[in-house]
Protein chains: 2
Amino acid sequence: MARFFMAGTNIGGGMAYVRGRDAEHIKVLRLRPGEDVVICDGQGTDYKCRLIKSEAEEAELEVLEVKPCTAEPSVDVTVLCGLPKGSDRTDYILQKSVEAGAKEIMFFDCERCVAKPDEPERKLERWQRIAEEAAKQTGRGIIPQVSWAGKFADMLNVAVKKDLGLFLYETGDRERLDIVLEANKSIKTAAVITGPEGGFEKYEADLARTVGLHICSMGERILRCETAPIVALTAVMYATGNLS
Amino acid sequence: MARFFMAGTNIGGGMAYVRGRDAEHIKVLRLRPGEDVVICDGQGTDYKCRLIKSEAEEAELEVLEVKPCTAEPSVDVTVLCGLPKGSDRTDYILQKSVEAGAKEIMFFDCERCVAKPDEPERKLERWQRIAEEAAKQTGRGIIPQVSWAGKFADMLNVAVKKDLGLFLYETGDRERLDIVLEANKSIKTAAVITGPEGGFEKYEADLARTVGLHICSMGERILRCETAPIVALTAVMYATGNLS
């Protein structure tokens, strides 16, 4: 069943009114009166609705059922990635992180980032749209937020505020990811931090350790920068009982 | 350090001789005499070598150190995927499965496969090359094998021979993936089975159940056909202690 996100205020009196891009989308999908769709308020509530009327500017629907969306994990994971070089990789991280259950995705700048956007904020609109499309397709109850974290130190500042901060690093003195996660099964918030193409500098890992993050290993296999966040996020979901 | 795979027979008397495509690759990478590379015999042994001479047809290297490759997981996982429509998705499944630690990847044909290759064998050479490239980059000790499993029933025949067969399915009566994995931590071989774009037909899931596979859920989030195998494979690696 097709899913859409909309502001809760457009639903009232047993009816739902969809406007703008989503109204067009309903038109493009050639949904016909009598067909059902799910409208999600983006805060964890699903409205199962039947289409009454579909026009380019507005679609009118009858609300059949209101229920909590069960697709949201019990842990809010923030995925923090050193900005990769190509937009292919950025897009991939966004789409797959949303599928795998991230609450929010943030990119940051660090020593080995080749891509140095002057105005990363300009990309946010496109990034957010990718997250929204993935959220629809995956049946998420929220649209994960995409944002720009700033410099490495700004990223650390975000990560330390979470119940658990996992800094994935390929070398040196590290904790086993599974042991850290087994000891933290009841966390409510977590940060998963991965590097850009060339990984992190040693001083960056030292800094992350100093502020209290767990420097973790994911084994001997070297994961690409776009693969590591998905694998780490999946491990968190699995360990906290959110993959079953 | 650059990694190459080569047949064990090209190494002998403290020297290694690389020919063909890999010799060209060493040339293209502009590796110079005195630089070190790792040559892997594809069966779990790494040879750390120093380049003596690099020509288009042959590179000559001195073997400095011989040691087992520690990147191979303790469990051999066969990833079995209903053939997706686009080659983008096929390539993605191959690359990411190799990164995440698969021993082999097999595609099969089932009811909802849109892609119906007359001669899937013709694609094997390309698929195998993608697996080899990913194995090099990831630092794997073997080149995971890519093959065509045939029809759905042929695929079941492969899966039932493994210590544990996990059939990922989005609906109906299913076991929790984490509970199944916790009860099977010491497996040596496993099969992870995921569907094409439209998923599996109910009769296919029933058939899988009948032959003894575990019909498993990965939660309420609907994963794309190219994402599901990576997430499931990662869960197996995590549960068996191969992600740390």
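Modeller: Helix 4 (residues 152-159) of chain B lies across strands 7, 8, 9, 10 (164-168) and 12 of chain B. This is a predicted model: local features need pLDDT of at least 70, side-chain atom pairs count only at pLDDT 80 or more, and totals for chains, interfaces and linings use all residues. Residues are numbered from 1 along each chain as its sequence is written, while chains are lettered from A and ligands numbered from 1 in the order in which they are written.

Biologist: At about what angle does helix 4 of chain B run to strand 9 of chain B?

Modeller: Helices (H or I, at least four residues) and strands (E, at least two) are DSSP runs, numbered from the N terminus. Contact means C-beta atoms, placed from the backbone, within 7 Å. Axes are lines fitted to C-alpha atoms, for helices over the stretch in contact, and angles run from 0 to 180 degrees between N-to-C directions. For helix 4 and strand 9 of chain B the angle is about 125°.

Biologist: What is the strand order in the open sheet of chain B?

Modeller: Pairing takes at least two DSSP bridges between two strands. The sheet has 7 strands with parallel pairing. Strands 9 (145-151) and 11 (175-176) of chain B each have a single partner strand, so one side of each lacks a neighbour in the sheet. The order is 9-8-7-12-10-13-11.

Biologist: Which residue of strand 12 of chain B stands opposite B:L80?

Modeller: Strand 7 (residues 76-82) and strand 12 (residues 189-194) of chain B pair in the parallel sense over 6 bridges. Opposite B:L80 stands B:I193.

Biologist: Which helix supplies the largest share of the side of chain A that touches chain B?

Modeller: 32 residues of chain A contact 32 of chain B. The largest share on the chain A side is 5 residues, from helix 7 of chain A.

Key. Contact = placed C-beta atoms within 7 Å.
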